[in-house]
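Subject: Structure handover and notes

Dear colleague,

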Amino acid sequence: MKQFSQVIPLQTELKEQRNKTHKIAFAPTMGALHLGHVSLIEIGKQYAEKSVCSIFVNPTQFNNKEDLAKYPRMYEQDVLLLEKVGCDFLFAPSVDEMYPHGLDTKVNIDLKGLDSVMEGEFRPGHFAGMLQVVKRLLDIVHPDFLIMGQKDFQQFSLVHHMINTLQLPVKLVMAPTLREADGLAMSSRNLRLSPEMRKKSNIIFAALSHIREHFSIQSPGKLATQAMERIEKMGLKPEYVEIVDQSNLQRVKTINAPNAVVCVAAWADDVRLIDNMILSD
Ligand code: AMP
């Protein structure tokens, strides 16, 4: 795997690949890689001859300084994992390399309220920073395929919206969420859970599964309230459980509503976990 920390050498390499008519699949990450990230590279390999992964802990998407400071960083281990899965190119830039003109370079599009619910409500500014970094990375890498996880469902919706609105020439692919044996969604933040909290955190998957099983017989409002209570009873602090339409992220009100997804965010001590489950296509 070739490693790059600067834009120009990476672009020179990728231009050579394109000249050989190789297609490029790209998976942006913040590092501390786990098997969920690895699966993005594997999926990319099904779509394109060459795969690019980026590792960049983007300061502009952290609304909480402590979360940014505590975000796990383990570059050497990440490199080993990427080499094992056969990733071709790694781009790991500095903040200055990513934002040579300063941090104030946000994407200016109407987000149609997709950014004001759920994560948007609890992490103000997060999505503006996330779209800023994804747009910058797309401008650098120019991939044919962008592989992103369902794990961050709202993030995926916003990136989809940005690609459509700006008519960016890239195909967005959704990768399924990889889970631990007990159902907990894999996340870099899981590393920070105490053994006790780690055990309790599978309540999130249990609560989501319960909603999926009962969505055809119970109202979304009632199911969401019950799930909040179950998560709280286990000792986590839920921020929200929302059952929303996948297309506009607005709450659904009817039993078995089509196109629904349930999204959850909860604090496990000082670790913030998110997850979701699609309820109907
Ligand atoms: P992150 O490093 O957390 O910013 O995540 C980078 C990418 O990996 C995003 O597209 C995430 O949605 C995706 N991802 C994170 N966790 C998982 C998981 N458990 N399974 C599949 N993809 C994931």
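The notes below go from the domains to their interface, then to the ligand and to a salt bridge elsewhere.

Please keep in mind throughout that this is a predicted model. The protein is divided into two parts, domain 1, which covers residues 2–175, and domain 2, which covers residues 188–278. The centres of domain 1 and domain 2, taken over C-alpha atoms, are separated by 26 Å.

Where the domains meet, 22 residues of domain 1 are in contact with 22 residues of domain 2. The area buried between domain 1 and domain 2 comes to about 1,900 Å², and carbon and sulfur atoms give 57% of that area. On the side of domain 1, Met-118, Phe-122 and Phe-153 together supply 32% of the area buried against domain 2, which is more than any other three residues supply.

In general, side chains of opposite charge can pair when their charged atoms come close. Between domain 1 and domain 2 there are three salt bridges, and the structure also shows a salt bridge in which the side chains of Arg-189 and Asp-67 meet, with N to O at 2.9 Å. On the side of domain 1 that touches domain 2, the helices α3 (65–70), α6 (119–122) and α8 (153–165) each supply at least two residues, and α8 gives the largest share, with three residues. The residues of this side of domain 1 divide into ten nonpolar, six polar and six charged.

Turning to the ligand, you will find that 17 residues surround it, the closest being Met-30, Gly-149, Asp-152, Leu-178 and Met-186. A backbone N or O atom of Met-30 lies 2.9 Å from an oxygen atom of the ligand, while a polar side-chain atom of Asp-152 lies 2.7 Å from an oxygen atom of the ligand. For Met-186, a polar backbone atom is 2.9 Å from a nitrogen atom of the ligand.

Finally, the structure as a whole holds 15 salt bridges. In one of them Asp-88 pairs with Lys-50, and their closest N and O atoms are 3.8 Å apart. Asp-88 lies in the loop between α4 (75–85) and β4 (89–91), whereas Lys-50 lies in strand β3 (residues 50–55), so this pair ties together parts that are 38 residues apart in sequence.

With best wishes

Definitions and conventions:
Residues numbered from 1 in each chain as written. Predicted model: local features only at pLDDT ≥ 70, side-chain atom pairs only at ≥ 80, totals over all residues. Heavy atoms only, no water. Domains from an automatic or database assignment. Contact = heavy atoms within 4.5 Å. Buried area = accessible area lost by both parts, 1.4 Å probe. Salt bridge = Lys/Arg side-chain N within 4 Å of Asp/Glu carboxyl O. Helix = DSSP H or I, 4+ residues; strand = E, 2+ residues; numbered from the N terminus. Nonpolar A, V, L, I, M, F, W, Y, C, P; charged D, E, K, R; others polar. Near = heavy atom within 4 Å. Polar contact = N/O pair within 3.5 Å; in protein donor to acceptor, adjacent residues only side chain to side chain.
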